[in-house]
Structure formats: structure tokens, C-alpha cells
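Let's take a friendly walk through this model, from a strand pairing to the packing of its cores.

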Amino acid sequence: MPSSVPKLVLEARGVGKQFGSVCALQDVSLQVRSGEVLAVVGENGAGKSTLMKILAGVIQPTTGSLLSDGNPVEFSGVEQATDAGIALIHQELNLAPNLDVGANIFLGREPRRFGLIAKHELASQAKRHLASLGLDVSPTARLDSLSIGRQQLVEIAKALSTDARVLIMDEPTSSLSLQEANKLYEVIRQLKRSGVAIVYISHRMQEVVDLADRVVVLRDGEFVGELDKEHIDRDQIVRMMVGRDISQFYQRQPHPQGKVVISASRLRTSAYPDENISFSVHAGEIVGLAGLVGAGRTELLTTLFGETPALGGDLTIDEKDFFPQNPAEAIQEGVALAPEDRRESGLMLEVNVERNLSLVSLKNSLNFYGFVRSRGESKLCRQAMEQLAIKPALPRVPVRLFSGGNQQKVVLGKWLATQPRVLLLDEPTRGIDIGSKSEIYRLMHELAGQGVAILFASSDMEEIVGLSDRVIVMHQGRITGELNRDQLSEERIMKLAVASVSQMEADASVS
């Protein structure tokens, strides 16, 4: 009688990793089985990415061992792990934006004929892998012509092209729309049925609950515990991750609304010049901006911040005309933007935390002669690190060495130092752990309580519903509806997010 236990294809035994005096992993063991989805969860800094890099041959363990199909292995590099059937999809895109889609999928593994790249065969194979993900993109399209969400799917197609037996996914849906994420879930289930082992890292608890057959929890570089399918529970996972009970994750705090702070009327953006946008945000109000990838949310925020000047319409702050031609003009009027890509646009990665925090408000730390007063800069840094619970509290350490959650706190701290009246947040919790999310949510409520007008875009429907006083929904550069707090539901938001203009107008005429 055949065993019902799936085959063990990869195993880590007592793995540890030391970076100088810092212990990133200590005595961690896990088993990866064919045809299963193993979710590995934990807060930023828990050791998840370090463990995955060890499994994929990116780095080598300091202690412990790896086994493939029950045989001891030592991966001195990614090629050896790939030969063993292990592929890692990085959270940060590992692609060449100046090459086309097909070249990215087979980079370094191009099919050849007579020593030359067989372009027709490459395109044909790439098209097959793209089709398996439901991605209708030409293999000859330049990568940088695609949205971030579509680039993420190309990264996944690249991993699938290696015929991996173990597919490690590190936050694969962080840049995907709901439709793209649902397609990925279908692909994962197909791969699972074909016997592929999936190791899945995500901070989105509902994904873990829906997809995982087993869950391994890490905390502070150590193994905390494992849950099988029958015992996977969101609250239990969170308790194991953070070592405490976050009973009211989206706990709302009362913050009375004041007058309208920022208002737009028939605003036109460069991304959708034929569409116009009208909305307002009050002091003390948290307004969610929902929509699928390509809806125009980011473009609206960058227009409000002066990164991409408006093409027309009216925009006011405190009932005064406001048409920023660059971010400096927006900052002068009390507008701040925490961008979608914090590493690319929000931080100076090689610069220390202290300088990053004081960068925008540096003039407040200058002395009479125009030099930076280190004492003033350090004071601002200490206040921000305490207010935002940035850990570890090492102001002189380069920000690139901090976890994603703490990097995002530095971005927020930089802007809070300007004492903004309007805070624009683009995907404020993308790719960060549940503890940091909770702290950022608390901060948003505190700022609203102080009268700050907050407009935030998020692809996380649970986050939109849980935080917002009101939600503005966009579709292809146009606002398709607004929902008040008592009207909010994921279903209503999604109906507005996917509705065509003609359908909305038909519904309006009937009502």
C-alpha cells in the first residue's frame, strides 16, 4: 500500500547563519515535501529570507546541513541549487529592465543553434511559460514597458522555466493586483498537483491560510513551531510570530474630521489625460485609494506631490490654488509622499539612518553658517526612532542593513519631520511584517487624530477596509465610486474596481 506522506525532497537540519557578530539563524530545521505548499512566516528580521537564500545556494550556512532527496548536499552557489531543482523567486525583482521578456526568462540559459541564440525557439518557449501564468505579453516586449505587477509574473515565469522541483516564493504577490494574484494562486495549485514543492513566504495571513498545507514559524532567527493544515489559524500564527496577542489588528481610534484640506476638481494626470478626477480629503480623515494595477492610483499621488505636474483641472489646499510643478513646491505647502518603492525612491540605502531621517528637513538642522548641526540632527533622529519604534536603534548604521519594516518607518519618519498637513502613502505596508504593520496603522491613526489629512493607496483589500474612513475607487484613471465607512466591503470595492465606465453610467441611470 503506497504511503500517503508526500516525498521528502529537501531538508534543512540545525541550520545556523552568522554574519560577523550578528546571529541571523540558529538551529533551524524544516522539511520540504513534493506536492505541498509550505508557508514560512515571521516578522522582518526573523530569518526567513536568510533561510531561503541558504536553501537556494545564494549563501552558505555557518552550521547545520542540507539534504536533497535524503542525500547530503552542499550548495556553493545558485547553479548547484538550480541543478538540484531548486529555484528562488526574490521579493526584489532580479531582472534586466533593458532586455526583452524572453531574454529575461532565459538569461544565461538561452537555447542555441550553431553557437548562436535561437531567438525563435527562445520566444516560443517563453510564450509557453507566460501563457501558463495567464500573462498575455509578447516575449519581445521590453521588460521596463511592463507594470511592476507584470514584471513580477515574468520573474515567476523565469523560475518555472528551470523545471524546478522546489519553488521558493518570497512575497510573490506583493506587487500583484487581485486578479494577477488569483491567477498565481491557480498556478500554485497546478504546480502542487504536478508534484512541485512550494515554499511560500508572505506577510498576508489570508494567503497563508488559503494556500498552505503546513506553516513553519520563525522568530528572531529561531524555529518557533509548525502547524499542519488542520491547525492553521490566523490568530495562532500571529501569536507565534510576534510572541504576543494582537487581538485588534485594525483597532480604530476616534479622530474627528475638520475642514477640507486638499481638494481636486476635474484634475487630469499625464497617465490618463482624457480622464478627470474630483475628490477631497478632510483634516483628520483617512481615505483609502483602491483599484487594480494600472488604475492610476500611483499617478494620482505623484501628481499631487508635483512629481508629474497636472495637465489641467483645479487643485487646492486650504481653498488656495495648488499646482506643484515639483516636489519642493508640494513640500512647501505641507504635502508629503511615502512612495511605493521605498528602496528605489524613498531612501538613500548606503547612507545612515540619521541622515535619511533628516534629509527633507535638513534646513532645520543647519547653523548660522549653513553647516549641519550634528546635535540637532541627532535629536531629530532620536525622536523619530522612539516615536516609530525603529529597531535596532542604531542611527549611524546604513539603512540598507535594516529590515523592510524598519526601512519603511525611516521613510515615514523622514516625512513626519516636516510636520505635513497632507500625508500621501503609496502601498505603505507592502512587504513588511505584521508587527510593523500594526505600528504603522497606529501611527496613521495618531496623525489623523492630530488633524493630518491622509490619502493612502493599497492593494490589500483587508487593509483598505480596516483602516479607511472613506474609500475612493479608481479604474483606468477615473474614479468609479466612493464608499463611506458603513458601506465598506471587499465585494463592493472590487465591483467598482473592475466596472467599465458604460456599466457605471447604466447603473447610475437606473438608480
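## Sheet, cores and a covered helix

Val260 stands opposite His282 in strand 14. Strands (E, at least two residues) and helices (H or I, at least four) are DSSP runs numbered from the N terminus. This is a predicted model, where local features need pLDDT of at least 70, side-chain atom pairs count only at pLDDT 80 or more, and totals for chains, interfaces and linings use all residues. Residues are numbered from 1 along each chain as its sequence is written, and side-chain values use heavy atoms, with hydrogens and water left out.

Strand 13 (residues 260-268) runs antiparallel to strand 14, joined by five bridges; pairing takes at least two DSSP bridges. The open sheet has four strands in the order 14-13-16-17, paired antiparallel. Its edge strands, each pairing on one side only, are strand 14 (277-282) and strand 17 (320-321).

Now to the nonpolar cores: sets of buried Ala, Val, Leu, Ile, Met, Phe, Trp, Tyr and Cys residues joined through side-chain atoms within 4.5 Å. Buried means under 20% relative accessible area (1.4 Å probe, protein chains only).

| Core | Size | Residues include |
|---|---|---|
| Largest | 69 residues | Phe279, Leu304, Ile454 |
| Second, separate | 35 residues | Val37, Leu95, Val154, Ala157 |

Helix 5 is mostly covered, with eleven of its 13 residues buried, among them Gln151, Glu155 and Lys158. These buried residues pack against strand 6 (86-89), helix 3 (101-105), helix 4 (119-132), strand 9 (166-170) and helix 6 (178-193), contact being heavy atoms within 4.5 Å.

Notes. Buried means under 20% relative accessible area, exposed over 50%, partly exposed in between (1.4 Å probe, protein chains only).
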